[in-house]
Amino acid sequence: MRIGFIGLGTMGAPMAARLLAAGFEVTVHNRTREREEPLAALGAKRAASPKACAQERDVVFTMVSDTPDVQAVVIGDHGALEGLADGAVLVDMSTISPATTRRMAAALAQRGVQMLDAPVSGGSEGAKNGTLSIMVGGEAAALELVLPALEHLGRTITHVGPVGSGQVAKAVNQVIIAGTYAAVAEGMALAMAAGIDTEAALKALGGGAAGSWVLANRARNMLAGDYPLGFRTRLHRKDLGIALASARDLGVSMPVAAYVEQLETSLVARGFGDEDMSNVARIVREQAGLK
Ligand code: NAP
């Protein structure tokens with residue numbers, strides 16, 4: 001399978017590296033071209049544009065930031081669509097709007113290109129280790145074609161339904177983790193203020209009903225007041241924006257998600273948007289008067 005990979009950020013770079021390590025022929029493109037260099041050192045070919053990255057490829061992956069960014073690299077000038085051959089599959093693994101995904105899929109279908117939305121959960125650790133949870137929307141036959149590659153990126157690969165469904169599942173995921181991060185931050189502030197042995201508490205909690213990925217992987221950073229990436233706060237805020245817009249249209253009230261989105265708006269405004277989203281603890285600690 002000849003693969004094109006567009007977007008070599010926190011997630012895309014380790015994912016492209018895994019595909020190279022698995023033996024696939026991979027061509028990469030990144031807007032900031034220097035970011036292609038480490039992948040080229042691992043054997044990737046470099047392409048000067050998304051269009052060039054898509055030429056003579058069976059499958060093209062995109063892993064960029066937001067809805068307009070996917071539109072730019074897929075249907076924009078010199079976008080992947082201009083290079084994709086009839087019968088190729090475009091797999092967008094970014095987290096973006098389900099409605100725009102459906103519109104792009106329709107535009108691609110007119111050119112004989114199938115689109116899968118395949119957003120992921122599992123963080124930068126999951127991208128490095130190939131343990132992502134991948135939520136796929138689109139035709140089952142297209143998924144079958146790309147599965148040999150996806151199997152090197154994720155441990156749980158779920159066909160959720162027609163195109164757009166993967167993005168809806170991802171929005172649900174982001175709503176759930178919003179509440180979890182906020183609750184873990186509050187719990188850690190309480191533990192700190194009370195002065196208990198936080199390491200012992202984490203061990204006890206991890207084995208019980210409060211156990212979660214966030215507790216296991218982010219609580220210690222919250223306790224240390226150190227928020228290395230991870231997942232940028234501004235990207236999670238973007239995801240909550242997508243979820244809250246859908247919820248509003250559907251008449252679903254989501255006060256917890258709306259509250260966390262407001263906290264993240266404050267963090268972004270104060271210049272903390274590129275920290276990990278565990279920095280919600282920054283606000284919780286400030287409110288508790290904890291250093
Ligand atoms: P990131 O580190 O900020 O990287 C973003 C990538 O998108 C970079 O390669 C950037 O290129 C590219 N990009 C952004 N806008 C572009 C545009 N208009 N045209 C071309 N390229 C553009 O983000 P990330 O953490 O890898 O996240 C990527 C996607 O995965 C997002 O949708 C995010 O919500 C999702 N996600 C992230 C995580 C996580 O833990 N990080 C987990 C699950 C899902 P430059 O290098 O030129 O800036």
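Predicted model: local features only at pLDDT ≥ 70, side-chain atom pairs only at ≥ 80, totals over all residues.
Residues are numbered from 1 along each chain as its sequence is written, and side-chain values use heavy atoms, with hydrogens and water left out.

**View 1. The surroundings of the ligand.** Here 27 residues surround the ligand, counting a residue if one of its heavy atoms lies within 4 Å. The closest are Thr 10, Asn 30, Thr 32, Arg 35 and Ser 65. For polar contacts (pairs of N or O atoms within 3.5 Å), look at Asp 69, where an N or O atom of the side chain sits 2.9 Å from a ligand nitrogen. Lys 238 has a polar side-chain atom 2.9 Å from a ligand oxygen. Thr 95 uses its backbone instead: a polar atom there is 3.0 Å from an oxygen atom of the ligand.

**View 2. Helix α9 against helix α14.** Helices are DSSP runs of H or I, at least four residues, numbered from the N terminus. The axes of α9 (residues 165-194) and α14 (residues 280-287) come within 9 Å and cross at roughly 40°; axes are lines fitted to C-alpha atoms over the stretch in contact, and angles run from 0 to 180 degrees between N-to-C directions. That makes α9 oblique to α14 (under 35 degrees is roughly parallel, over 145 roughly antiparallel, 65 to 115 roughly perpendicular, and the rest oblique). In contact (heavy atoms within 4.5 Å) are Tyr 181, Ala 182, Ala 185, Glu 186, Ala 189 and Met 192 of α9 with Val 280, Ala 281, Val 284 and Arg 285 of α14. By class, that's 8 nonpolar, no polar and 2 charged residues.

**View 3. Helix α13 against helix α14.** Helix α13 (residues 255-269) packs on α14 at about 95°, with the axes 9 Å apart, so the two are roughly perpendicular. Leu 263, Ser 266 and Leu 267 of α13 meet Val 280, Arg 282 and Ile 283 of α14.

**View 4. Helix α10 against helix α11.** Helices α10 (residues 198-206) and α11 (residues 213-224) pack at about 160°, axes 11 Å apart, and are therefore roughly antiparallel. From α10 come Thr 198, Glu 199, Leu 202, Leu 205 and Gly 206; α11 brings Leu 215, Ala 219, Arg 220 and Leu 223.

Key: Nonpolar A, V, L, I, M, F, W, Y, C, P; charged D, E, K, R; others polar. Polar contact = N/O pair within 3.5 Å; in protein donor to acceptor, adjacent residues only side chain to side chain.
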